[in-house]
Amino acid sequence: MVIGAGVNGLSVAGALAERGADVLVLDKGRVGSGASGIAGGIVRNYYRAGAITELVRMSVEMFEEDPEAFGFRQVGYIAAVPEAQVEDLLAIRDQHERVGYESELVTGEADCGEYLSWTWPDWDAPVAALLHERRGGWADSLQTVRHLAVRARAAGAEIREGVEVIGFERRGGRVRAVMTGEGRLPCGAVVAAPGPWA
């Protein structure tokens, strides 16, 4: 059972269903009614955490495979930072190279100013480093979530909207059932996917 019908929950549900699992997704609202549906939709690989770099690379590839379905616009992503954040960009660039994700690093105020003025001729703010991800961009958040729901359902997952989870029945250190506003739902395993910021 997966709790949460946002990007994380639907992605997990689809992947489990593709592998033959019997998957039920519960959401107290509607598909995409939480943070996923109102997110800015930025698609980029701008994280220092090494464990997520490979995952995000695969995510970008997913958007590239079917941009129309996900509402993806591959316009690129530029992070321009002051001196205090140069080390962050260097670390991110190293991780990009490690996982085979293309990006361009520019350092030094003069070189950054020249680079940025190619696109914005009136650029005037000081920048110590920039990282340009040409593969990045943005996606319509609701379109993305709806498409993930279509994919999860096509793989065999069932999605129930408007079902609030109010607790868990546990025995022997394991969740045996999910308690909802509509009653008890037995399960073999639970994935709580309220989103990364919960």
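This is a predicted model: local features need pLDDT of at least 70, side-chain atom pairs count only at pLDDT 80 or more; totals for chains, interfaces and linings use all residues.
User: Which elements are included in what covers the buried residues of α5?

Analyst: The buried residues of α5 are V86, L89, A91, I92, R93, Q95, H96 and V99. After the helix comes G100, with a positive phi near 75°. The cover over the buried residues includes α3 (50–65), β5 (77–81), β6 (104–107) and β7 (129–133).

User: Which elements give two or more residues to the largest nonpolar core?

Analyst: The largest nonpolar core has 25 residues, and L10, A13, V23, V25, V31 and F63 are those with the most contacts inside it. Two or more of its residues come from each of α1 (7–18), α3 and α7 (141–154).

User: Which residues does V31 touch, leaving aside those up to four places away in sequence?

Analyst: V31 is among the residues with the most contacts inside the largest nonpolar core. Beyond its sequence neighbours up to four places away, V31 touches A5, L10, V145, A149, I159 and E161.

User: Which residue in β13 stands opposite I3?

Analyst: The open sheet of 4 strands runs in the order β9-β2-β1-β13 with parallel pairing, and β9 (158–161) and β13 (191–192) are its edge strands. Strand β1 (residues 2–3) is joined to β13 by 2 bridges, and the residue opposite I3 is A192.

Methods
Residues are numbered from 1 along each chain as its sequence is written. Side-chain values use heavy atoms; hydrogens and water are left out. Buried means under 20% relative accessible area, exposed over 50%, partly exposed in between (1.4 Å probe, protein chains only). Contact means heavy atoms within 4.5 Å. A nonpolar core is a set of buried Ala, Val, Leu, Ile, Met, Phe, Trp, Tyr and Cys residues joined through side-chain atoms within 4.5 Å. Two strands pair if DSSP finds at least two bridges between them.
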